[in-house]
Amino acid sequence: GSAQTGNMNITGAGIFGGTLAVTGAVTGGTYNGQTISSTANFTGTVAVTTSITTPILQSAAGVALLVDSGTTGALNIGTSANAKTITIGNATGATSVVINAGTGAVSIGSNATDHSTTVGSTTGTSSTTIQGGSAGISLSATTTAVTGNLTVAASKYISLTGGNTAS
């Protein structure tokens, strides 16, 4: 048949056997117990039954992407119980990664599992800076005092300075 124009109001149950395409405004209503408003807000519990196997979350060019819980709730990334590599950032040009914290701690690799932790790069003119405030910097191999050797090696220069002498 030919396309019809005008308004259509359905007050009872309606069954559509194909795809329903809406080109005008949807002003709101309820679908499977979900209230949909004209501002695309949903109320109630939204259940997603479709699997998303490789999702990509990205913003438009030049616009920051904000992922936030909106409250004091944690933001967990990669915390499920299967092994995986989690990559933050890339090695393109002047890309940088910044990790900020308030008065809480920043812990990297501090869980109770055996693993190696690498900080810094040995490529080219790379440098690594470790800074500490008035509490200083502590390097230790165990949770007790280090009784073995602390080996510091470099192919160029290492400068160790301090205000106290060893006892």
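Student: Where is Ile-108 found?

Tutor: Look in the segment after strand S3 (42–43). This is a predicted model, where local features need pLDDT of at least 70, side-chain atom pairs count only at pLDDT 80 or more, and totals for chains, interfaces and linings use all residues. Numbering starts from 1 along each chain as its sequence is written, and side-chain values use heavy atoms, leaving out hydrogens and water.

Student: Why is Ile-108 called exposed?

Tutor: Exposed means over 50% relative accessible area, buried under 20%, and partly exposed in between (1.4 Å probe, protein chains only). Ile-108 has 60% relative accessibility, so it counts as exposed.

Student: And what makes Asn-90 partly exposed?

Tutor: Asn-90 has a relative accessible area of 47%, which is why it is called partly exposed. Asn-90 also sits in the segment after S3.

Student: How do you know that the side chain of Asn-90 makes a polar contact with the side chain of Thr-95?

Tutor: The term needs a pair of N or O atoms within 3.5 Å, one able to donate a hydrogen and the other to accept it; residues adjacent in sequence count only if both atoms are side-chain atoms. For the side chains of Asn-90 and Thr-95 the value is 2.8 Å. A polar atom of the Asn-90 side chain also lies 2.8 Å from the backbone nitrogen of Thr-92.

Student: What elements does the chain have?

Tutor: There are 3 strands and 0 helices, running β-β-β from the N terminus on. Both kinds are DSSP runs numbered from the N terminus: E for strands (at least two residues), H or I for helices (at least four).
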